[in-house]
Amino acid sequence: MAHHAPTGADSSSAQSGASSSSPRSPKILDGKTLSRAVARTAAARVSEIRAKVGRAPGLAVILVGENPASKTYVASKHRFAKECGLETFDAHLPASVSASDLRKVIEGYNANDAVDGILLQLPLPAPLDGAEFVRLIAPEKDADGLHPANQGLLLQGAPAPRPCTPLGVMVMLDLALSGVEVNDSTTLADIPKASLAGKSAVVIGRSQLVGKPMGFLLLERNATVTFAHSKTSDLPAVCRAADVVVAAVGVPKLVKRDWVKPGAIVLDVGINRMPDGKLCGDVAYDEVAPVASAITPVPGGVGPMTVAMLISNTVENCARRNGITP
C-alpha cells in the first residue's frame, strides 16, 4: 500500500495558489519511481489475463533503420514489457525497407491473435511516412494511442488506447494531488484519480502526439483547459493564470519563474539536448521549482512514464479484446 503524507501539492494549494512567491519545497514527480508502480499494476493485470485467456498479452515492436535514439527507446520498452510478463515480438527492418514490405509486417501482426499491441517506432527513415503506416495498424492493437480512430474515441470519451505521454502525465498529476508517497509496494490503485473541477490548466503545445490529446484528457477530469502555442498573445500571462501547466513545445527552458502562479503544478514534457550535451526540459527547472507545488524533472520525469503507459495500453488492449472488464 502507499504511504499518505501531507504535501505541498494538495488540492487546496494547487487550486488557490499561495499568496506569496516565497521559496517552497515542491513535490518532485519522479517518473522512474512512479513507473515502477505502473509495472506492478501491469504485472498483476497480466497474471489475471493469463489465468482467464491462457496467454499473456503480446507486444509487437517494429523498428526501421538504425536510429540510435529509437534503438534505445525500443530496448527500454522491451525491458519493461518483459518485466511485466508480456510476450514480445520483434521486427527490425533495414532503413531501405520498401513501403510494401513494411505494410506486410504490420498486416501480419494485425492478423496474429497473440499480438495485442503494435508499436511502430517513429520517426521512420525517409521517404516512409510515419502517419500513413500508423493508420495501417488495427485500432484495437494500437499501443501508442495514435491511430486516428482512437483519437476520435478520445474526443468522444469512449474506451480506447490513449496516447502514452499524455496518459503518463495524467498519472503524475494524480500523484501530485494525492498526498501519496510512492514506495516499493505502491500500485496505481493506491493513487486516486484526481478531480480537476474548478481548476484551470494550460497546455503549451498543440501536437497530435501530446498537446491536443493532453487537453482532452484534462477536460475528461473537468479542468478548464486553455491550449497555448506560438501564436498565443502574452503567453506568460496565460500561464500565470493556470493551476496546472503542461509544457510540450520543444523550446528549452521556455517557461520561467514569473510565468508560474505560486502553488501551481508544472508538468514538463519537453526534452532538449543543449550544446554542452546536457538534457533539459521546456521549463527553467531551477527557477520554477521554488514556486511550484509539484514539478517533473528532466530527465527522469515524464519520459519513463511514456514507456510505462505503452505497456499498460498493450495490457488493456488485451483485456478489451477478450472482454475482461477493468
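Reader: Where do I start? Of the contacts between residues at least 6 apart in sequence, what share join residues at least 24 apart?

Author: That share is 72% in this chain. Keep in mind that you're looking at a predicted model.

Reader: Got it. How many helices and strands does the chain have, and how compact is it for its length?

Author: Count 11 helices and 13 strands. The chain has a radius of gyration of 20 Å, close to the 20 Å that the globule rule gives for 326 residues, so it is as compact as a globular protein of that length. Along its principal axes, the C-alpha trace spans about 60 × 45 × 40 Å.

Reader: What percentage of the residues are buried, and how much accessible surface does the chain have?

Author: For burial, the cut-off to remember is under 20% relative accessible area. By that reading, 52% of the 326 residues are buried. The accessible surface comes to about 13,900 Å², and carbon and sulfur atoms own 56% of that.

Reader: On to the sheet. What order do the strands take, and is the pairing parallel or antiparallel?

Author: The general idea is that strands of a sheet pair through backbone hydrogen bonds, in either a parallel or an antiparallel way. Here you have an open sheet of 6 strands in the order 2-13-10-9-7-8, and the pairing is parallel. Strand 2 (27–28) and strand 8 (224–228) are the edges; each has a single partner strand, so one side of each has no neighbour in the sheet.

Reader: Let me follow strand 7. Which strands does it pair with?

Author: Strand 7 runs parallel to strand 8, joined by 5 bridges, and one of these has Ser200 partnered with Thr224. Strand 7 also pairs with strand 9 in the parallel sense, over 4 bridges, and there Val202 has Val245 as its bridge partner.

Reader: How many residues of strand 7 are buried?

Author: 4 of the 5, so strand 7 is largely enclosed by the rest of the structure.

Reader: What is the handedness of the β-α-β unit made by strand 7, helix 8 and strand 8?

Author: That unit is right-handed. To see this for yourself, point the strands away from you: in a right-handed crossover, the path from the first strand over the helix to the second runs clockwise.

Reader: Zoom in on helix 8. What does Phe216 contact beyond its neighbours in sequence?

Author: Phe216, which lies in helix 8, is in contact with Leu154 and Leu155 once neighbours within four places are set aside. The C-alpha atoms of Phe216 and Leu154 are separated by 7.3 Å, although the two are 62 residues apart along the chain. With 28% relative accessibility, Phe216 counts as partly exposed.

Reader: And Ser35: buried or exposed?

Author: Ser35 counts as buried, at 5% relative accessibility. This serine is in helix 2 (residues 31–53), and beyond four places in sequence it touches Phe80, Pro304, Met305 and Ala308.

Reader: Which residues have a positive phi although they are not glycine?

Author: Check Asn222, with a phi of about 75°, in the loop between helix 8 and strand 8. Then look at Lys253, with a phi of about 55°, in the loop between strand 9 and strand 10. Lys253 is at 39% relative accessibility, so it counts as partly exposed.

Methods
Residues numbered from 1 in each chain as written. Predicted model: local features only at pLDDT ≥ 70, side-chain atom pairs only at ≥ 80, totals over all residues. Heavy atoms only, no water. Pairing = 2+ DSSP bridges. Helix = DSSP H or I, 4+ residues; strand = E, 2+ residues; numbered from the N terminus. Buried < 20%, exposed > 50% of the residue type's maximum accessible area, 1.4 Å probe, protein only. Contact = heavy atoms within 4.5 Å. Rg over C-alpha atoms; globule rule 2.2 N^0.38 Å. Areas by Shrake-Rupley, 256 points an atom, 1.4 Å probe, with all protein chains shown as cover.
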